[in-house]
Amino acid sequence: MIKNMKRIIPIIFFILCYSEGFASSIAISLKGGYSPEIGGSFYSQWQNQNLGVHDGINDINRSKDGIVTSTIEKPMAILGGSEIRISGESIYFKSGFNYVKSYHGGSGFTLNNFGSGDEAVEVKYSLWFFYVPLTGGVIISFWDESKLFFGIGGAFAYGKRSDSFKSISTEHKASFQGYALPLMAEFGGEYLVSDHMSLFCTITYINGQSNSIEDDSDYGRIDFTSYSFSAGVLFYYDF
């Protein structure tokens, strides 16, 4: 991960230096959106050893006649953020702050045998994180009103993941807090509604996870890998 960031940073630095020489505007954005799924597999050592679950949420679902269970789906997330963008005729540099939080999915009932027969286990996964992007890319303009943009870069991401497992005979909770330096890519478009304001939409992909984190003899990682859809408004300031 760090090696990849070292490759990306010189590229961003070059784009930034180039944009300072040819920049024509600065813009501040406000946006909101959602991610169809976050958190990766939610694997942990406790699940592996006590539930026989080797790939977290991907293989935790089990069912049996006579025991009420429900499908545990990967969490969806909402997001919001604000970013600042320096733009030239055909390139841009951008940074900001974005917050992502799970709001749907990640919970339900599975089953497990802890030694006295199969029993229902209530499972809850949740995750929140923020990331500060550092991206640069190209802008393609159409008819002075519409633009497409594509950028790559990296980010600093920090978050907290919470796991909970509860049944008649056992209960386990764990929280993992940590950071990573994920890589990023984004693609979007915008439409100018006035000289100083435009509407935009973006698809963003993040790839990276933290190192292994310990919490009360349990071990897990925070996986920031996800893709998201967002939309918002840009306010331009010419100089």
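This note goes through the aromatic contacts, the salt bridges and a nonpolar surface patch of a predicted model.

1. Aromatic pairs, overall. The structure holds 15 aromatic pairs, and one aromatic cluster is formed by Phe 97, Tyr 99, Trp 128, Phe 130, Phe 156, Tyr 158 and Tyr 179.

2. Phe 130 and Tyr 158. The ring centres of Phe 130 and Tyr 158 are 6.0 Å apart and the ring planes stand at 35°, so the pair counts as tilted. Because Phe 130 belongs to strand S5 (residues 118–142) and Tyr 158 to strand S6 (residues 146–166), the pair ties together parts that are 28 residues apart in sequence. Tyr 158 is partly exposed, its relative accessible area being 26%.

3. Phe 156 and Tyr 179. For Phe 156 and Tyr 179 the centres lie 5.9 Å apart with the planes at 25°, so this pair is classed as stacked. The pair links distant parts of the chain, with Phe 156 in strand S6 and Tyr 179 in strand S7 (residues 171–180), 23 residues apart. Phe 156 is partly exposed at a relative accessible area of 36%, whereas Tyr 179, with a value of 52%, is exposed.

4. Arg 85 and two rings. The charged end of Arg 85 sits over the ring of Tyr 92, 5.8 Å from the centre of that ring. Arg 85 also lies over the face of Phe 149, with a distance of 5.8 Å to the ring centre.

5. Salt bridges, and the pair Glu 83 and Lys 31. Side chains of opposite charge can pair when their charged atoms come close, and a search of the whole structure finds 8 salt bridges. In one of them the side chains of Glu 83 and Lys 31 meet, at 3.6 Å from N to O. This pair links distant parts of the chain, since Glu 83 lies in strand S2 (residues 76–87) and Lys 31 in strand S1 (residues 25–35), 52 residues apart. Both Glu 83 and Lys 31 are buried, and the two residues belong to a network of salt bridges that also links Lys 94 and Glu 186.

6. Lys 74 and Glu 37. A salt bridge joins the side chains of Lys 74 and Glu 37 at 3.7 Å, N to O. Lys 74 lies in the loop between helix H2 (45–51) and S2, and Glu 37 in the loop between S1 and H2, so the pair ties together parts that are 37 residues apart in sequence. Lys 74 is partly exposed, with a relative accessible area of 29%, and Glu 37 is partly exposed as well, at 36%.

7. Asp 118 and Lys 64. Asp 118 forms a salt bridge with Lys 64, in which the closest N and O atoms are 2.9 Å apart. With Asp 118 in strand S5 and Lys 64 in the loop between H2 and S2, the pair ties together parts that are 54 residues apart in sequence. Asp 118 is partly exposed at a relative accessible area of 32%, and Lys 64 is partly exposed at 44%.

8. Nonpolar surface patch. Tyr 34, Ile 78, Tyr 103, Ile 203, Tyr 205, Tyr 227 and Phe 229 form a nonpolar patch on the surface, and their accessible area together is about 660 Å². Strand S9 (197–207) and strand S12 (226–238) each supply at least two residues of the patch.

Methods. Residues numbered from 1 in each chain as written. Predicted model: local features only at pLDDT ≥ 70, side-chain atom pairs only at ≥ 80, totals over all residues. Heavy atoms only, no water. Patch = residues over 30% accessible without salt bridge, like charges linked within 9 Å, V, L, I, M, F, W, Y side chains within 5 Å. Areas by Shrake-Rupley, 256 points an atom, 1.4 Å probe, with all protein chains shown as cover. Salt bridge = Lys/Arg side-chain N within 4 Å of Asp/Glu carboxyl O. Helix = DSSP H or I, 4+ residues; strand = E, 2+ residues; numbered from the N terminus. Phe/Tyr/Trp six-rings, centres within 6.5 Å; stacked < 30°, edge-to-face > 60°. Buried < 20%, exposed > 50% of the residue type's maximum accessible area, 1.4 Å probe, protein only. Lys NZ or Arg CZ within 6 Å of the ring centre and 35° of its normal.
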